[in-house]
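Subject: Structure for you to look at

Dear colleague,

I am passing on the structure we spoke about, together with notes on what was found in it. Please keep the structure open while you read, as the notes go from the whole protein to single residues.

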Amino acid sequence: MVVSENTGTVWFDDISITAAGGGENLLLYPGFDERAIDPAKGYLISEASIQNNLVQVLERAAEHNVAVNVLLSPHYFPDWMKAKWPELNSNATGFIKYNIEAPKARQVIQDYLQTVISMIKDSPALHSVTLSNEPVFDTRRDAEAHTPAFQEYLREQYNGNIAGLNRVYGTSYSDFGKVPMPLNYSATPQFYDWYRFNSNLFTCWHQWMADIVHKIAPGLAVHSKVMNSTLGGLDQGIDFEGMAALSDISGNDSTNYLNTGVDGQVEQYRYYDFLSSLKEAPVFNSEEHIIRDGDSNYLPEQVDHMRTVLWQGAMHRRSASTIWVWARTYSKTSDFRGSVLHRPDVVAEVGKTSLDLNRLVKEVTAFQNDRAKVAILYSLPALAYEANTTYPNAVRKLYGAVSLSGAGVDFITEKQLREGKGNEYSMILVPQQQHLERDSLDSLRQYQESGGTVAIQGADSLRQDEHNQVLDEAARVAVFGRAIILEEGWSAAQVQEWLRTTSFYKTAAPVVLIDEATGLPVEAVEWRSVRKDGHWLLNITNYGSTAKRVSVLANGERLTSALSLIDGVPWNGETLELPRLSPVLLQWASDENPGTERELTQVTVREAIRELTQVPIREATRELTQVPVQEATRELTQAPIPEPNRALTRERRPEAVEASPMRGVNRGALPISWAIGRSRSSDWQQKPEWCRVMRMAPTVPTLPLPAASGPFCWSGRCGFRSRTMR
């Protein structure tokens, strides 16, 4: 028996369980790792622990046709190590509470990753690995340890010219070794440089871990549970574009709670649209918070909210989800009070919505693959200098105005703008912002010269560059002379009113919903329309506090008949009732006059939902078959799968652009989520260009096997993981 350093934990060695009258130990791995600690390293990576806690789980998952995402959790770092090697200690406040740049930390993490990946890489159940949980890192917490790296970063950025730095900073440092790390926020070049340094360092740490994984398992997909701090979080060390470049899946961890209003719904979906704008890769929310920890609200609205979040997330290109938290407790102080397993009605709705998404997977994918025609400029200088003033709210206002007007909306970074990605959009919206990168004015002008429309909010916008230096006025005038200037004080409603007068709006939003109560486009309702296989599809969800009655105008004509695909019921009438938080998916023939009455027969309904009525379940609902995991996820790549984990490979697969979505629900486990196929981009193998600047210490640790947050689901397959900590 060994008493753990964790309070209340006791470990037992050499446990034996035998059958009555027999002598054979029925436990496969009954004790501790018997190998000796490496005296040169001072620690041991326990293969027995990995075998007991993870390998066996993967073996059982493979037997039951369950795909598993493994959370590697490098934030679990033993206290005894930090006591033995003080250089590991950190004042960090996030999950990662050790110095990730310390050589000993690098050694331990590298040994851990090499050991665990080698032991699990060939499992047919292994789908992907999550590199970090809610990653946050602020080098100012350990300024003394990180200042030398910061000074080296400045030397690289200013090409070794200390006079250039002094000119920008307004200082008189004699050399880079004298420049201190700024310890507090300020809208200055000093803080901007630290902000970029901090995020670069943390991005490179993730890239380093990804490289270790891919050296052992080249085809194994990696991602991280990055929280939604796109319009803040300057101290979190997250460069979203850099994280996207090193990841095979756009991983994230975000929330959407009941009674947070329209803004609460839109906030999460904006994050998904942002992530999918950075990279054509599956978006996976591997810790989706839909019910608050300790929530005592058991009203029926929780059911409607759960359905809306799952359904609308898929419409905004989220391909998979792990709901936090799939647990039950009777403790009055536990965060798990009121969680999903305490709510049978919510559990049932999760299953139903997952089945609906799998049944209508081709229709949902049509919305995912329909790219927006307008993009919002995302600027790191604007965020760094104006995070506490105008920029975040300006972005929210523009996104909400477009998204709640029936049109999709993407984001475009300044790097993407320089690379020519703007040519994919008819219009670029520039939020009210004073700062942007110096080269971006030329990029905007080139986009305009190629036929693109730029709309800028605020006639006084775009004055300073990333180092707070005045931008060239001639270049600015050239852009503004061709641009549409939106009033600085416009509300979202006024932006919407302007948007509907633009020439491209009819193309971006060919279907418009009119509120019968006002005669105007409906408010607090999101809708999207897309053509697929000779039909129009229209997805509608009312985020408002009350029901709405609307008429549907398709290309300017009133729609009077359609088929509701979710429930298979024909709709005929002049108006449509939209209950609160109740998604609707309509379909009608695109070659018909929208105003013409059309008889929808029961045969039409049966054809529309034939997976449930006309063909054997085994063929219609693949989720009930015993297809191996590799074959079940095959559609995501449209490629042969001779070895495990081929479902998400890092190679470029041009043939996957039109890939069909994955389908399937694990037998014997409640369906919690789904996955939708997404096309790939050639940048999946690119490393962040800025990592070359960082001088990384030798390499990283092993930690106790991370536990999971509940059932993990991919392609509707769910497997219960044994523990509920992060």
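A residue is called buried here when its relative accessible area is under 20%, exposed when that area is over 50%, and partly exposed in between. By that rule, 60% of the 726 residues of the protein count as buried. Please bear in mind that this is a predicted model, with a mean pLDDT of 83 for the protein and 80% of its residues at 70 or more. The stretch to read with caution is residues 593–726, over which pLDDT stays under 50, although the model has 399 contacts beyond four places in sequence for these residues.

As to the overall make-up, the protein holds 22 helices and 24 strands, and it exposes about 29100 Å², of which carbon and sulfur atoms supply 49%. Part of the surface is a nonpolar patch formed by Val10, Phe12, Ile15, Ile17, Leu26 and Leu27, which together have about 510 Å² of accessible area.

The 15 residues of α4 (143–157) should span 21 Å at 1.5 Å a residue, and the end C-alpha atoms of α4 are 19 Å apart, which agrees. Its buried residues are Ala143, His146, Thr147, Phe150, Gln151, Glu152, Tyr153 and Leu154, and what covers them includes α5 and α6 (189–216). After α4 comes Asn159, with a positive phi near 55 degrees, in the loop that leads on to α5 (162–169). Asn159 counts as exposed because its relative accessibility is 71%, above the 50% cut-off.

The other helix, α8, runs over residues 261–278, and its 18 residues reach 27 Å from the first C-alpha to the last, close to the 26 Å expected at 1.5 Å a residue. Helix α8 is mostly covered, in that 14 of its 18 residues are buried.

Leaving aside residues up to four places away in sequence, Thr308 touches Gln265, Tyr269, Gly313, Thr541, Tyr543, Leu581, Ser582 and Pro583.

Ser73 belongs to the loop between β3 (68–71) and α2 (79–84), where Ser73 is buried with a relative accessible area of 0%, whereas Asn159 counts as exposed. There is also a cis peptide bond between Trp324 and Val325, with omega at about 0 degrees, and Val325 lies in the loop between β8 (318–324) and α10 (344–359).

With best wishes

Definitions and conventions
Residues are numbered from 1 along each chain as its sequence is written. This is a predicted model: local features need pLDDT of at least 70, side-chain atom pairs count only at pLDDT 80 or more; totals for chains, interfaces and linings use all residues. Side-chain values use heavy atoms; hydrogens and water are left out. Patches are made of residues with over 30% relative accessible area and no salt bridge: like charges are joined within 9 Å, nonpolar side chains (Val, Leu, Ile, Met, Phe, Trp, Tyr) within 5 Å. Accessible areas come from the Shrake-Rupley method with a 1.4 Å probe; for residues, only the protein chains shown count as cover. A salt bridge is a side-chain nitrogen of Lys or Arg within 4 Å of a carboxyl oxygen of Asp or Glu. Helices (H or I, at least four residues) and strands (E, at least two) are DSSP runs, numbered from the N terminus. The expected span of a helix is 1.5 Å times one less than its number of residues. Buried means under 20% relative accessible area, exposed over 50%, partly exposed in between (1.4 Å probe, protein chains only). Contact means heavy atoms within 4.5 Å. pLDDT is the predictor's confidence in each residue, from 0 to 100.
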